[in-house]
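I am keeping short notes on what I look up in this structure. The entries follow the order in which I looked.

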Amino acid sequence: MKKNITWKILLIVGTLLIFLWGIFLGTDPAASIQAIKEKGLIAGIQQNIHLGLDLKGGTHLILQVKVNDAVKSDSQQVAERLKDYLRNANINYTDVTIEDSENHPELISLKGIAPESTGDLRNIVTERLSDYNLTSGANNTFTLTMKPQTLTALKQNAVTQAIETIRNRIDQLGVSEPVIQEHGLGEYQILVQLPGVDDPARVKDIMQSTAMLEIRQAIDNGTPYPSEQAALQAHNGVLPPDTEILKGRVERRDSNGESNDAYYILTKSSAVSGRDLRDARPGQNQTGQPSVNFNLTRDGGNRFYSFTSAHVNDYLAVVLDGKVREVASIREPIRDTGEISGGMNEQQSKDLAMILRSGALPAGIKYLQESTVGPSLGADSIRQGVRAAIYGMLAVMIFMFVYYRFAGINANLGLFLNLVILLGFLGFTGATLTLPGIAGLILTVGMGVDSNVLIFERIREELRNGKTPPSAVEQGFGHAWLTIIDTHVTTIVSAAILFLFGTGPVKGFAVTLTFGLLANLFTAVFVSRVIFDSILNRHQRGEALSI
Amino acid sequence: MELFRNPNIDFLGKKWIFLGLSLVLSVGGLLSILFWHHIPLGVDFSGGTIVRVKFTTPPNADAIRADMDKAGLKNARIQPYGQASNNEVLIALEQKETSEQALDQGKNTIIKALSGNAPEGKQDLNNVGYATLQQYLMSKDPLHAGTDAELRYGQLARAIVDFRDKTKDGVLSSVNDIASVVPPAVLQSFQADFHTSNFGIRNVDIIGPTVGKQLQKQAVLATLYSLLGMLIYLWFRFELIYGVAAVVACFHDTLITVGMFSLLNVEISLTVIAAILTLVGYSMNDTIVVFDRIRENLKLLRRESLTEIVNKSINQTLSRTVLTSGLTFLTVLSLYIFGGEVLHGFSLALVIGILIGTYSSIFIAAPMLVAYQESRVRKGAKVATLPAERSKDKVKVKA
């Protein structure tokens, strides 16, 4: 009884060719061929199989967006709007504040509303502030609470926006193939991977700068005070309405050469902000100091013109990230240009211009994790990983040949094909190969051969029970099939969980293990069976099977 | 060649010996976890700073400690790393010296402390990055490069960094080393503005407290989910009791593996957890193969007692179990020996786990099935056999 296996052999050869294509040519054959011609075979393969940071060197950062910042600034705007509405509706109030702006910026509390105005207040909130719920407390106080879905959306939006901004900035730095994506399970974290960056200090500064630019009016002719108390005392302990004290970024040096902090009194509201910027460029000011020159949008320019027209001979302050960068007098109305200078070198002015161009971060960020792998370490790891893989594979192959003779060769062919499919898969999908990923490759070899052993042992058993070779092969594959499915499913389940929970290198491990085992189903069951069948087709009746 | 020809070992008869061995191992590990080394957490989980430094000459741990003490890092842990000929040292700081306000403060202090007697006003060529070099070259412009300065100095900076990191393995012994990769004018400029310290940073890991805690939680959750996933799958494919037995065996493997790490005082890192999760899946393999055979035999050998059937099933699959575990063990051993220091914990977990996993599917999982059945008989249940294969799982065999 001969089986027709021609189409099966064609299928196997086809698969082999497709995945070899994946390894050597990948999804962009022209680039791979060019790389192979110019830099050799290894470079060509690296064009398709992407190495993880742990293998090629680079920096891996996890940062967290302080989403409460975004909520706070939103609430502050709403509080201002609410005051306007109340004023327009002639409702008296004593205070509208965000009491716990650190932990609960989504709560706005209202005090001193007359009982007869409660209905009007409710109408205002339902009609104009539909994102908030109004609850009343003791002594005519009310609390506006941001609706949960609005809050969630706002926070999520802050993360998305932060990712965009950071991507803009990193793109301008010319880092190749950076990874910037949301990370973790709802903790507002962002994963940033920067291949080839071995000294992350500057990149980190650039990413972290919120770049909140504001131009406000400086009270007291921009006088710097040595401390907050001094600033307060200048006004007899009570600040003018709608003003606040901000610290200066540039340290003042007194005659002894000791640096002192400077504090300024500024209006709370800003004339223009970073959102009104059209462009920012590094340059030099009149004294030759590095500076950043910026242009405003048409709308922003109009507002700046009316502000400066109204305040000729007053002082304005450029505030960056909540710190006063510069204070200058307004000599004439300005429409759409401005300059920030002082306290920076050429590189810093370039960086600042770039950061301003890329837009402000919606909220501050902090770094949670930083790891840097030097390129020499990566190269070592590749060498050791590949060596371990080759030795492990050789040991398995030699054992299989010695123990199962011909059938061992069959299994070894399967193993080889298994690896080709796995690597080709990595080439096609652009999945990343990490050091644990190489370990996953080695494990795939060890675990993949498990299926062969299961089948071969079963065939031997059937042969011992007196079955003919064709029927023993049939029974062996038939019985082992379900067991093989079971064993693969359990390993893939744990790999899938690893994929969900893991980061970077561990994820790479889960990927290679999963796809190695999936490919193994094809090679150990289908390919190995076809090889057996082709042998059995040539077999004489009664001849023993080499197993 | 065959290792086992019709083995007939009474595994269940000796179960107390094996259970006793398991008990000793688990209790030993547990005691170490509770009272001795606890669970030695790697920096991934405990948080903190680890800097791996390569020196040009064999490092002197006492001198390094003195440098750290001087810089105020009293609790720095200093240990040699990898082979002695690599001249490498790990310097680790605890969590409390790693604040999220300035995550890399510890790292910077270490680098500053190590480069204690650097010449004034010179940069350290062993510890500058590509970007800094490019910037330096562009500001000095030793080649008067003109319009393509950025590109040209970029390539030059890359060449220097590659030479240092790939050809010289991370550290240069003198600025003159780079003579072979840069034009003389550039070398001159470097001689004036750079020096070489006796060390280079190979990698840095800084984990803030938030991430550490989060990873701890995730690692525990992942392990539990994975065990739960196995339980559900086995419940679906066999019966609940099979699932319970297999998961208990797996848990036993996990416990002993973690216990061994505690006994040996080897740090458990993220990749070790990955290895443990893989073991959960792998250890399940052997168990399933034995269970599959038990189920098959329950149908074929209806007259024999469960103990006999289980014994027979273990013996029938023994050759396969030993072979596959042996082969996987070979690959893992190769990983342990040749895979390098970075994968050391990972491959150690696999080496331990595969041994324990194989053992537990034979000596823990199968006896549990029998024990469960016997207790049901004692309670007066009529059916003394486990439910046989469901019809939907039937293997169709064409002769």
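Which residues does Gly300(A) touch, not counting residues up to four places away in sequence? I find Val272(A) and Asp276(A). Contact here is defined by C-beta atoms, placed from the backbone, that lie within 7 Å.

Before going on, I note that this is a predicted model, in which local features need pLDDT of at least 70, side-chain atom pairs count only at pLDDT 80 or more, and totals for chains, interfaces and linings use all residues. Residues are numbered from 1 along each chain as its sequence is written, while chains are lettered from A and ligands numbered from 1 in the order in which they are written.

**Entry: Gly300(A)**

I place Gly300(A) in helix H10 of chain A, residues 298-310. Helices (H or I, at least four residues) and strands (E, at least two) are DSSP runs, numbered from the N terminus. Is Gly300(A) buried or exposed? Gly300(A) is buried, because 21 other C-beta atoms lie within 10 Å. The cut-offs are 20 or more other C-beta atoms within 10 Å for buried, 12 or fewer for exposed, and partly exposed in between, with C-beta atoms placed from the backbone. I also looked at Leu277(A), which is 23 residues from Gly300(A) along the chain; their C-alpha atoms are separated by 7.5 Å.

**Entry: a sheet in chain A**

I looked up an open sheet of three strands in chain A, with the order E15-E16-E19 and antiparallel pairing. Two strands pair if DSSP finds at least two bridges between them. The edge strands, each pairing on one side only, are E15 (277-284) and E19 (337-341) of chain A. From one strand to the next the twist averages 25°. Angles run from 0 to 180 degrees between N-to-C directions, and axes are lines fitted to C-alpha atoms, for helices over the stretch in contact.

How many bridges join E15(A) to E16 of chain A? I count seven, and E16(A) covers residues 290-296. One of the partners I checked is Pro290(A) in E16(A), which bridges to Gln284(A). Helix H11 of chain A (residues 346-358) packs on this sheet and touches E15 and E16 of chain A. The direction of H11(A) makes about 175° with that of E15(A).

**Entry: where chain A meets chain B**

I find 69 residues of chain A in contact with 68 residues of chain B. On the chain A side, the elements that give two or more residues include strand E20 (365-373) and helix H12 (375-404). Which element gives the most to that side? H15(A) does, with 18 residues.

By class, the chain A side has 35 nonpolar, 22 polar and twelve charged residues. Ala, Val, Leu, Ile, Met, Phe, Trp, Tyr, Cys and Pro count as nonpolar, Asp, Glu, Lys and Arg as charged, and the others, Gly among them, as polar.

Strand pairing also links the chains: five bridges join E20(A) to strand E6 of chain B (residues 199-207), and the two run antiparallel. In E6(B), Asp205(B) is the bridge partner of Ser371(A).

**Entry: chain B**

I find twelve helices and six strands in chain B. Buried residues make up 45% of its 399 residues. The C-alpha atoms of chain B fill a box of roughly 95 × 50 × 40 Å, taken along the principal axes.

Chain B is divided into domain 1 (12-42 + 208-387) and domain 2 (48-206), with bounds from an automatic or database domain assignment. Their centres, taken over C-alpha atoms, are separated by 46 Å. Five residues of domain 1 of chain B are in contact with six of domain 2 of chain B.

Terms used. Contact = placed C-beta atoms within 7 Å.
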